[in-house]
Amino acid sequence: MRLRIDGCAVEAAAGVSVAAAVAAAGAPARRAVGGEARGPLCGMGVCFECRVTINGVAHQRGCQIPAAEGM
């Protein structure tokens, strides 16, 4: 399936989480206050390090949301 990450079209395997698709694309999930790349740690929605904006909605836990065509 095709997703857009930071405005770039990327391919993602069916059934993966948004966090997995972001990681596979080589993009950091978000940036820390100091500018450092941050990414998912726990992969089960506890740490909140995978928060991303999906379709204009901020602070969604990417590890808990299945990637879908056109996101």
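The legends below describe several views of one predicted protein model. Residues are numbered from 1 along each chain as its sequence is written, and side-chain values use heavy atoms, with hydrogens and water left out. In this predicted model, local features need pLDDT of at least 70 and side-chain atom pairs count only at pLDDT 80 or more, while totals for chains, interfaces and linings use all residues.

**View 1. Order of the secondary structure elements.**
The protein contains 1 helix and 6 strands, where helices (H or I, at least four residues) and strands (E, at least two) are DSSP runs numbered from the N terminus. Read from the N terminus, the order is β-β-α-β-β-β-β.

**View 2. Overall dimensions and surface.**
The C-alpha trace spans about 30 × 25 × 20 Å along its principal axes. The radius of gyration of the protein is 11 Å, which agrees with the value near 11 Å for a compact globule of 71 residues; this radius is taken over C-alpha atoms, and the globule rule is 2.2 Å times the number of residues to the power 0.38. The accessible surface comes to about 4400 Å², and carbon and sulfur atoms account for 56% of that surface. These areas come from the Shrake-Rupley method with a 1.4 Å probe, and for residues only the protein chains shown count as cover.

**View 3. The largest nonpolar core.**
Of the 71 residues, 30% are buried, that is, under 20% relative accessible area, as against exposed at over 50% and partly exposed in between (1.4 Å probe, protein chains only). The largest nonpolar core has 12 residues, including Leu3, Ile5, Val18, Val52 and Ile65. Two or more residues of this core come from each of β1 (2-5), α1 (18-24) and β5 (51-54), and α1 gives the most, with 3 residues. Such a core is a set of buried Ala, Val, Leu, Ile, Met, Phe, Trp, Tyr and Cys residues joined through side-chain atoms within 4.5 Å.

**View 4. Surroundings of Leu3.**
Leaving aside residues up to four places away in sequence, Leu3 touches Cys8, Ala9, Val10, Ala12, Ala21, Ala67, Ala68 and Met71. Contact here means heavy atoms within 4.5 Å.

Asp6 lies in the loop between β1 and β2 (8-11). Although Asp6 is not a glycine, its phi is positive, at about 50°. Asp6 counts as exposed because its relative accessibility is 70%. Asn55 is found in the loop between β5 and β6 (57-61). Asn55 likewise has a positive phi of about 50° without being a glycine, and is exposed, with a relative accessible area of 63%.
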